[in-house]
Amino acid sequence: MHTAFDRKDNAHPAEVTALGVSKDHSRILVGDSRGRVFSWSVSDQPGRSAADHWVKDEGGDSCSGCSVRFSLTERRHHCRNCGQLFCQKCSRFQSEIKRLKISSPVRVCQNCYYNLQHEKGSEDGPRNC
């Protein structure tokens, strides 16, 4: 399954049946059992482009955390970990995201921040010699 399988905006999820890489290795192609083909660009700088698990900007008119409506003054921000849309207040946290190979702190929501810090603490925990 690809990361979009459980997305709220994926009304008709399907199993992955084919994978491919473009000749220049700049795109990943995924085919599913419904005959759809998805294409993702590969970034030279991980964490600096839109991820495949991000909710589309048109997909939300209010914050996933506090439900404030987005406007010209209340901008929408993507959590780099879960991809949901949040207001500035609900996405004011920053963390590394090892599973996405993002080693410098980036914007995340509160829930992801605490989960990522918990994961980090588990990795850095005491070790038996």
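**A predicted fold seen from Val108**

Val108 is buried, with a relative accessible area of 0%, and this residue lies in strand β7. The model is a predicted one, and the protein it describes contains one helix and seven strands, which follow one another along the sequence in the pattern β-β-β-β-β-β-β-α.

**Overall figures**

- Of the 129 residues that make up the protein, 28% count as buried, and the accessible surface comes to about 9300 Å², with 48% of that area belonging to carbon and sulfur atoms.
- Among contacts between residues at least 6 apart in sequence, 28% join residues that are at least 24 apart.

**Val108 and its surroundings**

- Once residues up to four places away in sequence are set aside, Val108 touches Cys79, Arg80, Asn81, Cys90, Ser91, Arg92, Phe93, Gln94, Ser95, Ile97, Tyr113 and Leu116.
- His78 and Val108 are 30 residues apart in sequence, and their C-alpha atoms are 7.5 Å apart in space.
- Gly83, which is 25 residues from Val108 along the chain, has its C-alpha atom separated from that of Val108 by 8.8 Å.
- Gly83 itself is found in the loop between β4 (77-78) and β5, and because its relative accessible area is 0%, Gly83 is classed as buried.

**The largest nonpolar core**

- The largest nonpolar core has 16 residues, and those touching the most other members are Cys63, Cys79, Phe86, Ile97, Val108 and Cys112.
- Two or more residues of this core come from each of β5 (85-86), β6, β7 and α1 (110-123), and β7 gives the most, with three residues.
- As general background, nonpolar side chains in soluble globular proteins tend to be buried together.
- Phe86, one of the core residues that touch the most other members, is in contact with Cys63, Ser64, Gly65, Phe70, Arg75, Arg76, His77, Cys79, Ser91 and Cys109, not counting residues up to four places away in sequence.

**The β6–β7 hairpin**

- Strand β7 (residues 102-108) runs antiparallel to β6, and four bridges join the two strands.
- β6 and β7 form a hairpin with four residues between them, and Lys101, which is in the turn, has a positive phi of about 60°.
- Lys101 is a residue other than glycine for which phi is positive, and Lys101 is exposed, because its relative accessible area of 69% is over the 50% cut-off.
- Ser95 is found in strand β6 (residues 93-97), where Ser95 stands opposite Val106 in β7.
- Although its side chain is in a polar contact of 3.2 Å with the side chain of Gln117, Ser95 counts as buried, because its relative accessibility of 6% is under the 20% cut-off.
- Beyond its neighbours within four places in sequence, Ser95 is in contact with Ser104, Pro105, Val106, Val108, Tyr113, Leu116 and Gln117.

- The structure holds one salt bridge, in which the side chains of Asp61 and Arg69 meet at 3.2 Å, taken from N to O.
- The two partners fall in separate accessibility classes: Asp61 counts as partly exposed at 42% relative accessibility, whereas Arg69 counts as exposed at 56%.
- Ser67 has its place in the loop between β3 (37-41) and β4, and its phi is near 70°, a positive value in a residue other than glycine.
- With a relative accessible area of 51%, Ser67 is exposed, because this value is over the 50% cut-off.

Terms used:
Residues numbered from 1 in each chain as written. Predicted model: local features only at pLDDT ≥ 70, side-chain atom pairs only at ≥ 80, totals over all residues. Heavy atoms only, no water. Buried < 20%, exposed > 50% of the residue type's maximum accessible area, 1.4 Å probe, protein only. Polar contact = N/O pair within 3.5 Å; in protein donor to acceptor, adjacent residues only side chain to side chain. Contact = heavy atoms within 4.5 Å. Pairing = 2+ DSSP bridges. Core = buried A, V, L, I, M, F, W, Y, C linked by side-chain atoms within 4.5 Å. Areas by Shrake-Rupley, 256 points an atom, 1.4 Å probe, with all protein chains shown as cover. Salt bridge = Lys/Arg side-chain N within 4 Å of Asp/Glu carboxyl O.
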